[in-house]
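These notes are meant to be read beside the coordinates, chain by chain. They start with strand pairing and then move on to helices and single residues.

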Amino acid sequence: MSTSKKIGFAITGLLMLAGLVAWGIQVKEGLVLTNMRNSYTWGLYVAGLAFFVGNAAGGLVLSSMIYLFGVTSLKPFAKIGALCAFANVTAAMLAILPDIGQPIRLYNLVLHPQWRSPLVWDIIVLNLYAALSLLYLYLLMLPDFQGPLKKIALKVDHPKEFSEKWAKRLAPYSLAAAVGIHVITAWIFATQGARDWWNSAVLAPDFVAAALASGTAIVLLVCLLTYGLKDEYTQAYRTMAIFIAVALFTHIFFMYNDFFIHYWYGATEALDVLSITFKKYALAHAFEVVAPLAGVILLLSSNVRKSAGAMMTSCFLIIAGIFVHRFLLMPGAFDRVPLTIAPLGMQNTEFSVPIASGQYEPLMNTFVTEWHYFPSGIEIAIFLGVLAYVGFLIILAIDRLPIVKIEKAQT
Amino acid sequence: MRRGMVIDLEKCIGCRSCVVACKQHNAQPAGNWWNRVVTPGSERHLTPPEKGKEYFLPIHCQHCNNAPCEKVCPVNATYTEEDGTVLVDFERCIGCRYCMAACPYGVRQFNWEDPKKATARYGYQDGYTYGHPQEFRLKGRLVYMPSRFKGVVEKCNFCVHYADKGLDPACVRGCPGNARHVGDLDDPDSRVSKMIRDKNGFTLLPEKGTKPNVYYLPPKRKEV
Ligand code: SF4
Ligand code: SF4
């Protein structure tokens, strides 16, 4: 094992441990350790769900590009794609777990599922997607299992053909599942009439677009880390860069299209919601737009694509920008109390009805109309733990499984 | 039978007795309030926002007919009874707080920590506690309990534990202005249906399409 892998294991391992301890403390003391309260009920954990679900897109999109649309230059990266998909979709489920107030009761989801709840649909598609990406990874590795791994290999006469055939057969389903996880995760938010910030028909398509950008950027990042720059991959990297760019431009178009329509009509509620993102979170909003844009513009330049470091930085900018985008799902929805009324007999007045904060503190207001949310240390520790899990799993799989092996033998 | 409530804003004096009665009868832990009364347009309660303009607005769960909180609940912990009352089963709730995001009225409360610990922060003399002492199950489902679990959601339960004994909710009985009335909204001849018809009853946030079972009667003039 190389030293860089050892360092990777050590860092991600420690972060995972810290996250686990933080979760343990939170289970014991309750969600009071987070900075969420009655008026701000979702925060970093749910933003984390959206972020990781989005990141899971890349993998199976890659496989479908190869096996449905015949982009064969991407073939060497199909396994990394499936691995990233599996790591991120399981991370999405881990990210949402600490948000549950009574995790012990999760069996109720199996015993008493309520079929109208988008959350139930989401849990089903996320699990399906995880299973599908694992199956995909297995199929793609089938011809390369060696040594002790032979034991887990399916006994078929021509593993190579078998793998190829089934990868092709599964491709349409994986594309459907990949779109499905984003659409349904977006519906968790978009169906909520109570929150004007979410309640938009563009949210689901936008979710898909943002996911295709960040998901593919993650695959590209891992490919660069494992394979580095080589002539034979130039074409593949270029294809990925263009794909990311198109996805990101679409995402920004969808987002601003929605803003523009609300801004033009100028309803007070809509303007209030927009002002949260554009005034209160102006810097964060600037980052979510500028960073990924800069990232794709860099990636599109063939000069930048001559340096692995510059490409990785670009990928990082894209992923970080989309992360901030996912985080900004929350302020627009919760900074403003949804129950605002026009008091009877008064002109041009809007009144936000305060909500009980949910916590008694001698010096704090009992009822609040505003809640300033920034994740607490516990929330950040848990989130970093989940992020580390993604890294840990990817390094572990690459170390133990025939994911980049063959190419290594060639060099 | 669709159990509904009419709140006559003309008769509400803003005393918040219903808030207190609700909090005490239903053993709400520190920090959680199922019911609140505000002075619309004003930063401060009981302060006119404009000279000569003042009315009070009590708000709690509206027991919506098209309740988003019920539709989002992944485990059917929030559910609607036959009479239209929206309830939370404390034993079923997994604490995902999806319902809190879904409710446009901000009436849902979460037990962020062990309620006993939360209430201990009040520092009441000799560990004083309050609330209806017995848990109550409706068709087997735990819809009232004096001490809640940590990590579950709670909200107005239309005092089902009292309705079972033929009693009106605590807020209705505790209102010194007699502003609150409970009855059958399905029956056009019921007192509440007549009040809504005769006095231009309205609901909150009709544009959200939640179809509340709580109606308000508009105030005519400033209460002094
Ligand atoms: S007011 Fe809120 S909690 Fe009550 S039924 Fe309606 S949506 Fe649900
Ligand atoms: S917090 Fe409880 S009642 Fe609310 S949606 Fe989740 S499980 Fe249902």
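Two strands are taken to pair if DSSP finds at least two bridges between them. With that criterion in hand, the points below concern a predicted model, and they should be read as comments on that model.

1. The pairing criterion applies directly to strand β1 (residues 3-8) of chain B, which is joined to β10(B) by 5 bridges, the two strands running antiparallel. Two of the facing positions can be checked by eye: M5(B) stands opposite V182(B) in β10(B), and I7(B) stands opposite R180(B) in β10(B).

2. What is the order of the strands in the open sheet of chain B that holds β1? The sheet has 3 strands in the order β10-β1-β11, and its pairing is mixed. Because β10 (180-184) and β11 (214-217) of chain B each have a single partner strand, they stand at the edges, and one side of each is left without a neighbour in the sheet. Neighbouring strands of this sheet are turned against each other by 25° on average, direction ignored.

3. The edge position of β10(B), with a single partner strand, should be read together with its burial, since 5 of its 5 residues are buried and the strand is mostly covered. Helix α7 (residues 191-198) of chain B lies across β1, β10 and β11 of chain B, and the helix runs at about 115° to β10(B).

4. The hairpin has 2 residues between its strands, and K139(B), in the turn, has a positive phi of about 50°.

5. Two further backbone angles in chain B deserve a look. L46(B), although not a glycine, has a positive phi of about 65°, and its place is in the loop between β2 (36-38) and β3 (57-59) of chain B. R97(B) likewise is not a glycine and has a positive phi of about 65°; this residue is placed in the loop between β5 (86-88) and α3 (98-102) of chain B. Are these residues buried, exposed or partly exposed? L46(B) counts as partly exposed because its relative accessibility is 48%, whereas R97(B), at 1% relative accessibility, counts as buried.

6. Turning to chain A, helix α2 (residues 44-55) has 12 residues that should span 16 Å at 1.5 Å a residue, and its end C-alpha atoms are 16 Å apart, which agrees. Because 12 of the 12 residues of α2(A) are buried, the helix is largely enclosed by the rest of the structure. Among the buried residues are Y45(A), F51(A), F52(A), G54(A) and N55(A).

7. Not counting residues up to four places away in sequence, S214(A) touches G54(A), N55(A), I319(A) and I322(A).

8. Helix α10 (residues 268-280) of chain A has 13 residues and reaches 17 Å from its first C-alpha to its last, close to the 18 Å expected at 1.5 Å a residue. Where does α10(A) bend? The bend is at L274(A) and amounts to about 30°. L274(A) is also one of the buried residues of α10(A), the others being A270(A), V273(A), I276(A) and T277(A). An α-helix has 3.6 residues a turn, so residues three or four places apart point the same way. What covers the buried residues of α10(A) includes α9 (234-265), α11 (282-300) and α13 (329-334) of chain A.

9. W371(A) lies in the loop between β4 (367-368) and α14 (377-400) of chain A, and it counts as buried because its relative accessibility is 14%, where the cut-off is under 20%. Not counting residues up to four places away in sequence, W371(A) touches N35(A), R37(A), S39(A), Y40(A), D335(A), S357(A) and M364(A). With N35(A) there is a specific approach, in which the side chain of W371(A) reaches the backbone oxygen of N35(A) at 2.9 Å. The C-alpha atoms of W371(A) and V324(A), 47 residues apart along the chain, are separated by 19 Å.

How values were computed. Residues numbered from 1 in each chain as written. Chains lettered and ligands numbered in written order. Predicted model: local features only at pLDDT ≥ 70, side-chain atom pairs only at ≥ 80, totals over all residues. Heavy atoms only, no water. Helix = DSSP H or I, 4+ residues; strand = E, 2+ residues; numbered from the N terminus. Expected span 1.5 Å × (residues − 1). Bend = angle between axes of the 7 residues up to and from the residue. Buried < 20%, exposed > 50% of the residue type's maximum accessible area, 1.4 Å probe, protein only. Contact = heavy atoms within 4.5 Å. Polar contact = N/O pair within 3.5 Å; in protein donor to acceptor, adjacent residues only side chain to side chain. Axes fitted to C-alpha atoms, helices over the stretch in contact; angles between N-to-C directions.
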